[in-house]
Amino acid sequence: MTLAAWTDDVWVSGAFSAGNFNVQGNTGVGGWQDYDSAPGGGLVFSTAPTALTPNDEVYAPLNLRVDPAANSYDARITLSTAPTGPAVSTTANNALFANLTVTLFTVAPTNCSSAGTSGVTPLMNEQPLPTTLTASPILTLPKNSTEQGVCFKFKLKSDAPPSVRGGTTGVLSWRFHAESV
């Protein structure tokens, strides 16, 4: 006697691909850029921060967006690194930086001024430099939306000592870290 068995197969498949994700910045010069490494895009200040005196304030806008060509996800933005730069370690620059404060606002670039930020709740309250930043998200960028304006306000403290005078200069770099969500 011979036994026979019927057999049959069912196959399934699925197509896979990774999503796209990229965040860009625009400082007002050169349009939207990736700025993937330090020092990044140069901030454009309302008044050149080259001859600050006590109580002087200068403002600089930055726009952030999820790249429209790579927008599979929303972006959670953290300001994850304290200001850094090659000049931060020098004694003269430390005197300058130790007497600067920074405040961040979320306003349109055209409102990045004393008048434009008046009455606006800061994204990050005034802090002395160098500041220790937390890894807490400061804002979320929706994947299909327009840009989000961030306004830097720098102020030279009213009690800045005379050691800051005399052309003390330095460059600070800020790292906005984006994570897909």
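So, first thing: is Phe-45 buried, partly exposed or exposed? Phe-45 comes out at 26% relative accessibility, so it counts as partly exposed; the cut-offs are under 20% relative accessible area for buried, over 50% for exposed and partly exposed in between, with a 1.4 Å probe and protein chains only.

Quick housekeeping. This is a predicted model, so local features need pLDDT of at least 70 and side-chain atom pairs count only at pLDDT 80 or more, while totals for chains, interfaces and linings use all residues. Residues are numbered from 1 along each chain as its sequence is written, and side-chain values use heavy atoms, with hydrogens and water left out.

Now, the aromatics. Rings of Phe, Tyr and Trp (its six-membered ring) pair if their centres lie within 6.5 Å; planes under 30 degrees apart are stacked, over 60 edge-to-face, the rest tilted. That rule gives five aromatic pairs. In one of them, Phe-45 and Phe-154 have ring centres 6.0 Å apart and planes at 55 degrees, so we call it tilted. Phe-154 is buried, at 7%. Phe-152 and Phe-154 sit with centres 5.7 Å apart and planes at 5 degrees, so that pair is stacked. Phe-45, Phe-152, Phe-154, Trp-174 and Phe-176 make up one aromatic cluster.

On to charges: the whole structure has two salt bridges, meaning a side-chain nitrogen of Lys or Arg within 4 Å of a carboxyl oxygen of Asp or Glu. Glu-57 meets Lys-153 at 3.5 Å, N to O. Lys-153 is buried at 15%, whereas Glu-57 is partly exposed at 30%. Glu-179 bridges to Arg-76, with the closest N and O atoms 3.5 Å apart.
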